[in-house]
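Please walk through this model with the coordinates open beside the text.

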Amino acid sequence: MTLRLVEFVVGGNEASDLLPVRSAALLRAHGARRGFWTVLDEGPVERCLALLLERDDGVWVSHHVAADAGAENGRTEDGEALAHHDGWVYVFGSHFGSKSGPLRPRRAFVARFREDDAAAGPVPVRVVRNRFRLHRAVNDALAGAALTALPPGERVRARFIVETLARGTARAKSWVSRLTPDDLPLNVEAAVFTPTGTVLLGLRFPVTTDGEPILVELAGVPAMFDAEPAWPRALRAYAVTGVTPPGALTGFRAIAPTPDGAYAAVIGSIDALGKGSVLLDDHPKGGDVTSRHIRFRLPAGSDRAVTDGPLGSDGAATGAPAAEGHLLAGELVAELSPFHHVEGLAELDGRCFYVTDEDHRVALWVS
């Protein structure tokens, strides 16, 4: 595959994900024939929305989008995944921590905004911080799934789980009840809505004991934004097989729907090399892994209507409906070597688009 490079200067210079613009009004406002959303993960979500646009004259430009999260301004960080649903663009935080831990509640958020609103003026962004409710639901789902997640390692457990519990307890935080010492730290890197309105969360970590990437399906994400909010329910977990290099560990970096009802994805390293990652100290086979473009399908019948599952005493999903696990056969589309940091992809108009943050630059690669 031959790729053409388009470089951008965007504040923060670390792009995550690549979501095609669907709003005709937004494209018209910028005189563009196509464009993509990306999120710059080095700040609060309202300061980190950006557009990569191909103008009508064929020139690519970047545009930092002004946004306002109201009372939640400055209270989030590390937006990682973007997804479309019903005219909204959703932004998912990593729910993780720094390279050496602990978990950070500011990263446990979901935000959304109307795409058409970006055509004029600052974009109103609604932020919901879940205070580890999603962490609890996903951990319970993984514990009850047929697949087996890779244990985090003693240093990771100490830095990400034990230290988070200790800090929360010392500060009398109510969210400590949603963590247990045996939990897995979650690193959410990818998200996509299914046709029935559930969300597939792609995890960079954990992976399976065979090193394969894991998806967790959530129901009820839009209900987080209702006047009387409800919390998402974890339904089931999947592992994508046949796409991880022998002896390596690979996690999700991006997911996008394809026109034929399947999903395209990027998988790669579980954390970046050379940045003091405790995760790679415990799991060195997950570091020196280049990115791969893959495809997969959900099993027949998995798009059935979703029914309500049980909730815990604080209104958080218990994860009880998530006992079924599935192995999804993956197909390798392209080796993206030598890139280690492909952060987003889109298959559009017969071409593949990738965004990377190699060498601290925002780069769009077009096939």
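Contact here means heavy atoms within 4.5 Å. This is a predicted model, where local features need pLDDT of at least 70, side-chain atom pairs count only at pLDDT 80 or more, and totals for chains, interfaces and linings use all residues. Residues are numbered from 1 along each chain as its sequence is written, and side-chain values use heavy atoms, with hydrogens and water left out.

Start with the whole chain. Its secondary structure comes to four helices and 23 strands. Both kinds of element are DSSP runs, numbered from the N terminus: helices are H or I with at least four residues, strands are E with at least two. The radius of gyration of the protein chain is 19 Å, close to the 21 Å of the globule rule for 367 residues, so the chain is as compact as a globular protein of that length. That radius is taken over C-alpha atoms, and the globule rule is 2.2 Å times the number of residues to the power 0.38. Along the principal axes, the C-alpha atoms fill a box of roughly 55 × 50 × 45 Å.

Next, the inside and the surface. Buried means under 20% relative accessible area, exposed means over 50%, and partly exposed lies in between (1.4 Å probe, protein chains only). By that cut-off, 59% of the 367 residues count as buried. The protein chain exposes about 14200 Å², and carbon and sulfur atoms supply 49% of that area. Areas come from the Shrake-Rupley method with a 1.4 Å probe; for residues, only the protein chains shown count as cover. Among contacts with a separation of 6 or more, 64% join residues 24 or more positions apart.

The chain has 38 positive and 46 negative charges, and their mean positions are 3 Å apart. Lys and Arg count as positive, Asp and Glu as negative, while His and the chain ends are not counted. Each charge is placed at NZ of Lys, CZ of Arg, CG of Asp or CD of Glu.

Now turn to helix 2. It covers residues 133–144, and its 12 residues should span 16 Å at 1.5 Å a residue; the end C-alpha atoms are 17 Å apart, which agrees. The expected span is 1.5 Å times one less than the number of residues. Why is helix 2 largely enclosed by the rest of the structure? Nine of its 12 residues are buried, so the remainder of the structure largely encloses it. The buried residues are R133, L134, H135, R136, A137, V138, N139, A141 and L142. They pack against helix 3 (154–170), strand 13 (199–205), strand 14 (214–219) and strand 15 (233–241).

F132 sits in the loop between strand 11 (126–129) and helix 2. F132 is buried at 1% relative accessible area, and its phi is positive, about 75°, although it is not a glycine. R178 is in the loop between helix 3 and strand 12 (187–193), and it counts as buried at 8%. R178 and L134 are 44 residues apart in sequence, with 9.2 Å between their C-alpha atoms.

Move to strand 2 (residues 15–20), which holds S16. S16 is buried, with a relative accessible area of 1%. Leaving out residues up to four places away in sequence, S16 touches T38, V39, D41, G79, E80, L82 and E343. D78 is in the loop between strand 6 (67–68) and strand 7 (79–85). D78 is buried at 9% relative accessibility. Its phi is near 65°, a positive value in a residue other than glycine.

The loop between strand 8 (88–93) and strand 9 (109–114) contains S100. S100 is partly exposed, at 31%. Beyond residues up to four places away, S100 touches R159, F160 and V278. S100 and D271 are 171 residues apart in sequence and 11 Å apart in space, C-alpha to C-alpha. P102 lies in the loop between strand 8 and strand 9, and the peptide bond from G101 to P102 is cis, with omega near -5°.

A cis peptide bond also joins S337 and P338, with omega about 15°. P338 lies in the loop between strand 20 (331–335) and strand 21 (342–348). V333 lies in strand 20 and is partly exposed, at 29%. Its neighbours within four places aside, V333 is in contact with H293, I294 and R295.
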